[in-house]
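Subject: Structure handover

Hello,

Here is the structure you asked to look at. My notes on what was found follow below it.

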There are 2 protein chains.
Amino acid sequence: MRQYGQFCPLAKALDVVGDRWTLLIVRELSERPCRYTDLRDGLPGIATNLLADRLKSLEAAGVISVEAAPPPIATNLYRLAERGEALLPALHELVLWGAPLLADADETDEVRSRWLVAAAQAMFAGIDVSDADPLEVALDIDDEPITLSVEHGQLHAELGTVPHPDVRIACDGPTASAILRGQLHLDAATRQDRAQINGTRTARARLARLIDAGRVTPQRMVPGR
Amino acid sequence: MRQYGQFCPLAKALDVVGDRWTLLIVRELSERPCRYTDLRDGLPGIATNLLADRLKSLEAAGVISVEAAPPPIATNLYRLAERGEALLPALHELVLWGAPLLADADETDEVRSRWLVAAAQAMFAGIDVSDADPLEVALDIDDEPITLSVEHGQLHAELGTVPHPDVRIACDGPTASAILRGQLHLDAATRQDRAQINGTRTARARLARLIDAGRVTPQRMVPGR
DNA sequence: CTGCATCCGCTTCGATACTG
DNA sequence: CAGTATCGAAGCGGATGCAG
């Protein structure tokens with residue numbers, strides 16, 4: 001990318017990650033290390049040469065690291081370097097800012113449930129749930145399930161499923177997103193037949209309270225953090 | 001900009017502010033409302049048609065608002081709308097991430113001291129200085145002075161100067177930046193003749209402590225916030 | 001199949017000129 | 001002052017090729 005040539009930290013940051021696709025690559029790697037093909041699957045529409053270019057620049061900038069397997073069965077693994085991990089707070093703030101825009105997303109948009117993981121992490125990061133009991137929620141979204149869990153006062157979101165969750169929700173990505181953002185109530189989702197929800201009444205109520213806590217937090221109302 | 005077409009809050013955010021120059025426009029407006037010319041001055045290198053395009057899209061997206069004066073003396077004023085103010089946390093995180101990159105900035109980079117204001121705000125936002133006494137620091141940077149002040153437990157950075165600061169520092173932009181980032185100690189700056197510093201010894205010491213507090217905070221060490 | 005490199009049509013960008 | 005118009009250059013998107 002062309003550099004801005006400004007003595008400004010924001011401009012310098014954008015010199016590195018301001019390019020098209022670049023932050024989305026970081027998003028992909030924020031969940032797990034990826035092979036080239038994994039990245040391409042998570043970035044529908046990217047030109048393969050662009051992906052290769054971006055990976056090179058990101059490595060040069062120290063944002064990602066590449067782990068090359070020896071010749072016989074070569075599969076490069078791309079992962080966030082320390083400098084890349086340091087981008088996650090910025091990424092989270094952008095996710096929070098962009099979340100409302102999902103309300104009027106296009107029908108034809110690509111959907112990956114793993115994108116919701118980053119969104120959930122951003123929404124629930126810093127939310128105090130220390131008063132909440134442990135809770136496991138399995139979200140069965142198409143073929144890529146994700147898990148929400150409350151453990152010792154922290155709420156986690158991650159890829160994968162668990163055998164015996166307190167609540168299990170089967171739905172598509174947009175529905176899961178609407179539920180997590182507090183736009184669609186659990187009961188309403190069931191009633192409209194957009195989701196199948198299993199779990200005890202109390203567990204479902206605890207999940208509803210969590211969602212409510214994540215929906216709008218004071219720090220998010222005030223721009224100055 | 002071409003849309004990503006992904007059902008992902010980050011992608012949606014980048015659909016709006018991911019374009020080249022866009023976040024820098026938000027940076028300019030984060031300090032004060034701007035006329036078109038002010039914006040162009042703060043965005044050296046931008047093509048005027050691009051600026052016009054971006055302003056249109058940003059207004060359409062509700063990020064900025066335009067206040068048009070009546071025909072006789074028409075001077076449009078651009079300012080951040082509510083949705084634009086909500087971008088500041090993300091902008092701050094990017095600023096924090098980009099700050100270390102200033103260490104090896106190019107000599108030919110453009111410099112505006114007002115860019116340091118956004119940087120200082122980001123660095124000191126959330127820093128607890130409730131135990132610090134009120135303090136006013138005037139930074140006389142070329143022709144655009146800025147002020148740091150500690151008032152009722154909050155540290156503020158803003159454009160403009162004050163008549164009787166506790167500490168007054170005259171230097172150029174990069175030097176001020178290096179001092180604020182903790183890369184250049186106040187005494188060293190004086191010794192190397194890069195800055196002229198006035199103020200009592202105790203006031204200077206208090207400033208030094210502030211800078212040290214802003215330099216690295218625990219929350220910034222841990223990526224997950 | 002993975003991990004790119006190359007080519008090509010098209011869009012966007014950057015620089016300059018010009019107008020109300 | 002506040003933009004619009006124009007045009008060459010660069011970057012992007014899509015298709016294809018190809019080595020390990």
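pLDDT is the predictor's confidence in each residue, on a scale from 0 to 100. For chain A the mean pLDDT is 90, and 92% of the residues reach 70 or more. Residues 221-225 of chain A stay under 50, and the model has ten contacts for them beyond four places in sequence (contact means heavy atoms within 4.5 Å).

Some ground rules: this is a predicted model, in which local features need pLDDT of at least 70 and side-chain atom pairs count only at pLDDT 80 or more, while totals for chains, interfaces and linings use all residues. Residues are numbered from 1 along each chain as its sequence is written, chains are lettered from A and ligands numbered from 1 in the order in which they are written, and side-chain values use heavy atoms, with hydrogens and water left out.

How the chains are related

The same surface serves both copies, since 97% of the contact residues of chain B recur in chain A.

The interface

The contact takes 59 residues from chain B and 57 residues from chain A. Between them the two chains bury about 5500 Å², 68% of it on carbon and sulfur atoms. Buried area is the accessible area (1.4 Å probe) that two parts lose on being put together, summed over both.

Two salt bridges are found across the interface of chain B and chain A. The term stands for a side-chain nitrogen of Lys or Arg within 4 Å of a carboxyl oxygen of Asp or Glu. Asp109(B) forms a salt bridge with Lys12(A), and their closest N and O atoms are 2.7 Å apart.

Salt bridges overall

Over all chains, the structure holds 24 salt bridges. One of them joins Glu144(A) and Arg114(A), with the closest N and O atoms 2.8 Å apart.

Regards
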